[in-house]
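Welcome! Please take a look at the protein below, and then we will walk through its disulfides and aromatic rings together.

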Amino acid sequence: MAHLASRRTRALAVPVGLALTASLGFLPTATATAAPTGEQAAASVRTDGPKLSYVVNVRGGHGTVKNVKKAIAKAGGTVVIAYEQIGVIVVHSQNPAFGETIRRARGVESAGATRTNPIVPQATKDIGSIAEPLTAEQAAAAAAEAKAGEDPLEPLQWSLPAIKADKAHQKSLGSKKVTVAVIDTGVDDTHPDLAPNFDERASANCVSGAPDTTAGSWRPAAGESDHGTHVAGTIAAAKNGVGVTGVAPGVKVSGIKVSNPDGFFYTEAVVCGFLWAAEHGVEVTNNSYYTDPWLFNCKNDPDQGALVDALTRAVKYAERKGTVNVAAAGNSRHDLALDAIEDKTSPNDTEPVTRTIDPSACPDIPTMLPGVVTVSATGAKGLKSSYSNYGKGIIDVAAPGGDSTVYQTPEPPAVNGLILSTLPGGKFGYKAGTSMASPHAAGVVALIKSKHPYASPAAVKALLTLQADAKACGEPYDINGDGVIDAVCEGGKNYNGFYGAGVVDALDAVRW
């Protein structure tokens, strides 16, 4: 079986010399004394600590931000960018006591380090999940099966008829006035299936926390993950007689790169991504990742709580500007409705520690933030994918994300239970994960927005859930048939922990 396209795990070897302590709470701090002021403060600030990135969240407008910037400088910080519209300032500092110090500054509501690994030059390497390549034989067989009006690889895309996208395309392909931003590892806009629909104006590289609009900056560099390009194809691969077909092949897609070369999605980059989308008229964002380095961010921790605060502000701002934000539920098989989950993977950029968390107090961000559409994954048989997170009250809708072909085998002519889509360099390949489910839902949202261009995000989300095909929990869930129940689905047919309001419906999106 191919590696699942996990938004939950990353393979990253951290050099011993760079490893910090496993918890930000144990970073070295200065002795607690009365806070010095003015030149005395600048002179006494330590600069011998690891260089970390911080988000500083302020209350108030321009005047407050201006005053906090002065406090940041006195505390040994350098401002990277200030997003005054949401009161979030991105800062770098080598003062080990920077977080503790700046939290005491007037006007600061919260502040925290976005990482536990110091900012160092990144070595480019592929950390993305491995795509299972499309073989020449499969491509030839698919092309022979393709009907009039179908792209040559469409017969292998079992996920399109699973959400009635094939029928929807007979009525509408979506509007060029709608853009879906892929906030991800970067998008190869030179791909022949993506180039016709690519929105360069709404694309940027946000890795540093500040947008870089240099031409092509949004693309994955050589050796970097192909994840974002795969996601983009699922949403909006053009219906142009080439390769695959997207769920909404008539809409625009943009790339907002937020993962660094080692594949980490840090808070400052993600905040930048949401703000860039919001300020450039993007109607939908797709978020097939979690924000590193914490799988779950506990609000009562001063650092992690600040990350939740910053991203909550960014997501709310984007929604106020008219953007619907769609996110993957995750691939850890967790019931996110439980009050206790064991997290063994955080922080994932240094040395993880084992901790037990309550997801209601320690959300997975951005997927568990208020207003975000949370998407679980289904396989070719329509069952919850073996890896997909779930949880009553957490999952909004379900969509095809693929699963092991052994567990859920598609009907011919499709031959693989994973999701086929675009890869950099004009290639195509298979991946699976809630990373692949979320763009199916984002594509349906784009079709709804195309049909109802003046609908608010709340109205669009309401239509998404009302149009979804309700799906009951079904028989006890034993996906591998070994006699052991693998997950428990709670709720009725119209709403439950596996499928939320149901599987997204592209045909209803263009009819209603």
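**Disulfides and ring pairs**

Cys-362 is buried, with a relative accessible area of 6%; buried means under 20% relative accessible area, exposed over 50%, and partly exposed in between, using a 1.4 Å probe and protein chains only. This is a predicted model, in which local features need pLDDT of at least 70 and side-chain atom pairs count only at pLDDT 80 or more, while totals for chains, interfaces and linings use all residues. Residues are numbered from 1 along each chain as its sequence is written, and side-chain values use heavy atoms, with hydrogens and water left out.

**Disulfides**

- A disulfide is a covalent bond between the sulfur atoms of two cysteines.
- Counting pairs of cysteine sulfur atoms within 2.5 Å gives 3 disulfides.
- Cys-298 and Cys-362 form one of them, with sulfur atoms 2.1 Å apart.
- The torsion about the S-S bond of Cys-298 and Cys-362 is about 105°, so this disulfide is right-handed.
- Cys-298 also counts as buried, at 10% relative accessibility.
- Cys-206 is joined to Cys-272 by a disulfide with an S to S distance of 2.1 Å, and its -60° about the S-S bond makes the link left-handed.
- That pair links distant parts of the chain, 66 residues apart: Cys-206 is in the loop between strand S7 (204–205) and helix H7 (227–236), and Cys-272 is in helix H8 (residues 267–279). Helices (H or I, at least four residues) and strands (E, at least two) are DSSP runs, numbered from the N terminus.
- With the bonded cysteines numbered in sequence order, the pairing is 1-2, 3-4, 5-6.

**Aromatic rings**

- Rings of Phe, Tyr and Trp (its six-membered ring) pair if their centres lie within 6.5 Å; planes under 30 degrees apart count as stacked, over 60 as edge-to-face and the rest as tilted.
- Phe-264 and Tyr-266 have ring centres 5.6 Å apart and planes at 15°, so they are stacked.
- Tyr-477 and Phe-498 are edge-to-face, at 5.1 Å centre to centre and 80° between the planes.
- Ring pairs link Tyr-390, Tyr-477, Phe-498 and Tyr-499 into a cluster.

**Charges over rings**

- A charge sits over a ring if NZ of Lys or CZ of Arg is within 6 Å of the ring centre and within 35 degrees of the ring normal.
- The charged end of Arg-115 sits over the ring of Tyr-266, 3.9 Å from the ring centre.
- Lys-471 has its charged end over the ring of Tyr-499, 5.4 Å from the ring centre.
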